[in-house]
Amino acid sequence: MDKIGAIIYIKMHRVCPLTKGKILIKSYTDLFNMKNLNRIELLENLEKINWIIRKSDTLEEMMSDVLNEMLNIFRCDRAWILFPCNPAADHYTIPMECTRQEYPGAMELNMKIPMTPEQADIIRMALESSDPLEFNYESGISIPNGIAEKFNIRSMIVTAIFPKTGDPWLLGLHQCSYKRVWDEYDRNLLKETGWRLADSLSSLLFLDKLKDSEEKFRLMIEYSPYPVRISDENDKIYYVNRHFTKLFGYTREDIPDITSWFMKAYPDEEYRSMVKNIWSKIKDHKLLVNENNRTHEFKVTCKDGTVKIIDFKAVHIGSSILVMMNDLTRMKIAQQMLVQTEKMVTVGGLAAGMAHEINNPLSIIINGIQALMMRLSPDLKKNRETASKLGTDLETINSYLEERNILKYLRAIGDAGKRAAEIVSNMLNFSRKSETQKKSAHINRLIEKTIEIASQYYDLKRGYDFKNFNIIKDFSRDIPLVKCFPLEIEQVLLNIFKNSIQALEKKLSNKKFIPEIKIKTSFVENYVKIEISDNGSGINKKSLTHIFESFYTTKKEGAGTGLGLPISYHIITNNHNGSIECESQIGEGTKFTIKLPV
């Protein structure tokens, strides 16, 4: 507990005696801050790896630069990649290895090395493990003596990486200078790095194989897991592969030239002008899409109207330009959810601190009011005796207090104190970490709690208050408990309430308009059904078909990310195996229907 009474969690590392035991040095770490710093450092280091991967044009360059960076990030003595990661193979190679000067390379690069039983066991364990595999005294898995002595290894960690094509690879780190224990941070960073290397290997291996022959080139382009478009020097598009058409919906007949592509893929004129400017530089060899850490991600409108975030990489082949594309939409959603989680952790910490600080004076107020009301109660013998001793009676005192509305004020103070206590309770619930396991929850209570949180919503700029909206509740008493992540359900409900508030806001200029939000719950065919409707501005038919699509928004630029409802859709359908639907009519309002299985 710190000096102001807030609880912090610490870890004592060691107690070191100095000067014949007369002085003790104790090392402590604030675990909460350490975890946050580790998380930030992890993201920063992964961004370094991403930068190296994106700027690399060849497989050798990518592997060399990534392994060199890993030496610095992990502070290890040797980083290497093995291929194939297949215990049944007759031999293996080390395509790339980076080492400290005092610990030279273990193998000659790309030399065929016979597969030994010890090496096969290491590979087999790595393939069977979903997490990085440690070899040290702490993990209980020792490095085979022959390998440890031959390469001067005192500690090792490895992880299998799985490109989209070909055999797996093995990524490993050696610590030769001391017996190292790899911590959770090391394991998470190595695992995330492995995933990124797998994606990069998929792309670069694919590009390498394109050079084999013209027929192989055609077939591999056609069946590439990435969308590919090829155009000539006159901007005529003469080829798009199957994945291009599958992802975007456009055939070559739909986009015979770059101009047609621009008009369809970038309907916004200002945005289209920006993309054209970049494309002209690519054509003139003035700009490579991934040159000098410059990656270009564009919002592409598909044939069905959906919007996807696409990363482009252009390669000049003679007078033609081959453009490989990578769909980043899911990754961007995941990043946004990670950012939201980070914000929730930060805001949650603040909320917890504020709640604890408020609780102390609030308890005094509530307890004081309760004690005061007890002292005025004629039911207590001591009160009657004291009043009689002073020449009066409690009936007279209470009559005076009622006449002067003093009891009314005291009750109001008590009610306000209880209300404040509920807000503090909500703040403390908000500050807790997300659950790792589903809990049985009563949906009606979750909705009530979410309404309490939403009722604090007040827009100073626009001058409207959620408390002034008419909330109509029609809750069924017969609904069973639902296994769910309560905080995630609250997040979905808050997203829907926020959309309703913004839709109602558009009609507030009409003084006769009464804003309403209706919430109904019921139990139908083994599903708990939640219906949330408003009488706001409504959604047009075109937008209605896209509202659960990532990055689709009808709001002005900067007013929304287009991820609130897609994240809600993901939570309900993926995390809870339920369904969420929306129906709307312009000028009449919108209704969301959520079904959660029991």
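Me: Before the labels, what kind of model is this?

Reply: It is a predicted model. The chain has 598 residues. Its secondary structure comes to 17 helices and 22 strands.

Me: What makes β6 and strand β7 a pair?

Reply: The cut-off is at least two bridges between the strands. β6 and β7 (residues 155–161) have 3 bridges, so they count as paired. The sense is antiparallel. Phe135 stands opposite Met156 in β7.

Me: Why are β5 and β6 said to stand at the edges?

Reply: Take the sheet order: β5-β4-β3-β8-β7-β6. These 6 strands form an open sheet with antiparallel pairing. β5 (113–114) and β6 (133–135) each have a single partner strand, so one side of each is left without a neighbour in the sheet.

Me: Which helices lie across β4?

Reply: Helix α2 (residues 59–74) lies across β3 (78–83), β4 (91–99) and β8 (169–175). The angle of α2 to β4 is about 55 degrees. Helix α3 (residues 117–128) lies across β3, β4, β6, β7 and β8. Helix α3 runs at about 145 degrees to β6.

Me: What makes Trp261 in helix α8 a buried residue?

Reply: Buried means under 20% relative accessible area. Trp261 is listed as buried, so its value falls under that limit. The buried set packs against β9 (228–231), β10 (237–240), α7 (242–248), α9 (269–283), β11 (296–301) and β12 (307–317). Across the chain, 41% of residues count as buried.

Me: How do α8 and α9 cross?

Reply: Their axes come within 10 Å and cross at roughly 145 degrees. The crossing is right-handed.

Me: What share of the chain's contacts joins residues at least 24 apart?

Reply: The share is 57%, among contacts between residues at least 6 apart in sequence.

Conventions
Residues are numbered from 1 along each chain as its sequence is written. This is a predicted model: local features need pLDDT of at least 70, side-chain atom pairs count only at pLDDT 80 or more; totals for chains, interfaces and linings use all residues. Side-chain values use heavy atoms; hydrogens and water are left out. Helices (H or I, at least four residues) and strands (E, at least two) are DSSP runs, numbered from the N terminus. Contact means heavy atoms within 4.5 Å. Axes are lines fitted to C-alpha atoms, for helices over the stretch in contact, and angles run from 0 to 180 degrees between N-to-C directions. Buried means under 20% relative accessible area, exposed over 50%, partly exposed in between (1.4 Å probe, protein chains only). A crossing is left-handed if the near helix is turned anticlockwise from the far one by less than a right angle, and right-handed if clockwise.
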